[in-house]
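The following explanation leads the reader through selected features of a protein structure. It turns to pockets and then to a helix.

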Amino acid sequence: MSVKKAISLGVGIGVLFIIVLIIYGVTHTFNQTKREDHLVKGVDLSAYQGDIDWELLADQNIDFAFIKATEGDDYVDTKFKTNWEASQKTALKVGAYHFLNYDTTGKTQAQNFIANVPVSDQNLPPVVDLELYGIYEDNALPKEQVKVILDEFLKELEDHYGVKPIIYTTQRIFKMYIGTDYKDYQIWIVDLDNAWPETLPNGETFTFWQYSHRGMMDGYDGDETFIDMNLYNGTYAEFIEEFF
């Protein structure tokens, strides 16, 4: 190869390298910048994720996190207090959720949640996690029985926190227990087929969408390798206006 060709080749490689660096820098900056119209992404987690480095987690292009607080009338997530206090020191918008069970009253479950989750207008509204579990997976309770528990829980939380709780549920359970009721509540829908659900089964729109149970991020060391991933149905500006 002649010296002239070698120089030309070197210059060409250098130019290509610079272009790659520019593209990477622009892309990286875009992904990290909190623009008002950017995609609003978040996680939900519990003690299964183990000890969490909240500063590291928050620095991975997410905007919000929902933390498990309680379940039933007496269970408190073993990591909730630590997670709640540490998360408040980050730029993330944070909320807490309760896993509703069908063996105790909505009022006693609400008391468990209220006893552990502080009132604050700087956090996202409380969430009730409505699922089927254990014996109820194959023997689901009638809608009328679940409605009594759910209504009582929602009322207690709304009276205490001054905001309507968010209802988290799957498409299947939405059809079973929500239907055309609860239209004045925001819905966090689980739909793992990775297709943006245009509307809910009742024709209304959702507020949050859980699109994956198998996200992987840095910053936690629990037995659970994966972390749930979610999107808000709107821009960051709309997210802030709606909740803060």
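**Pockets and a helix**

In this predicted model, the second largest pocket has a volume of about 280 Å³. It is lined by 19 residues, of which Ser120, Asn123, Leu124, Pro125 and Val163 are the closest to its centre. Two elements, β4 and α7 (236–243), each give two or more residues to this lining. Sorted by class, the lining of the second largest pocket holds 12 nonpolar, 4 polar and 3 charged residues.

The largest pocket has a volume of about 530 Å³. Its lining is made up of 23 residues, and those closest to the centre are Ser46, Tyr48, Tyr97, Glu131 and Asp228. Two or more lining residues come from each of the strands β1 (39–45), β2 (64–71), β4 (93–99), β6 (166–170), β7 (187–190) and β8 (208–215). The lining of the largest pocket comprises 10 nonpolar, 5 polar and 8 charged residues.

Attention now passes to helix α3. Which residues of helix α3 (residues 80–87) are buried? They are Phe80, Asn83, Trp84 and Ser87. These residues lie on the same side of α3 because they cover an arc of only 100° around the axis. The general rule is that an α-helix has 3.6 residues a turn, so residues three or four places apart point the same way. Lys81 and Thr82, on the other side of α3, are exposed. The buried residues of α3 are covered by elements that include the strands β1, β2 and β4, together with α2 (54–58) and α4 (106–116).

Methods:
Residues are numbered from 1 along each chain as its sequence is written. This is a predicted model: local features need pLDDT of at least 70, side-chain atom pairs count only at pLDDT 80 or more; totals for chains, interfaces and linings use all residues. Side-chain values use heavy atoms; hydrogens and water are left out. On a 1 Å grid over the protein atoms alone, a cavity is a set of points where a 1.4 Å probe fits but cannot get out, and a pocket is an open set with protein on both sides within 12 Å along at least five of seven lines; lining residues have an atom within 4 Å of a point. Grid points are joined across faces, edges and corners, and a volume is the space filled by probe spheres set on the points. Helices (H or I, at least four residues) and strands (E, at least two) are DSSP runs, numbered from the N terminus. Ala, Val, Leu, Ile, Met, Phe, Trp, Tyr, Cys and Pro count as nonpolar, Asp, Glu, Lys and Arg as charged, and the others, Gly among them, as polar. Buried means under 20% relative accessible area, exposed over 50%, partly exposed in between (1.4 Å probe, protein chains only). The arc is that of the directions from the helix axis to the C-beta atoms. Contact means heavy atoms within 4.5 Å.
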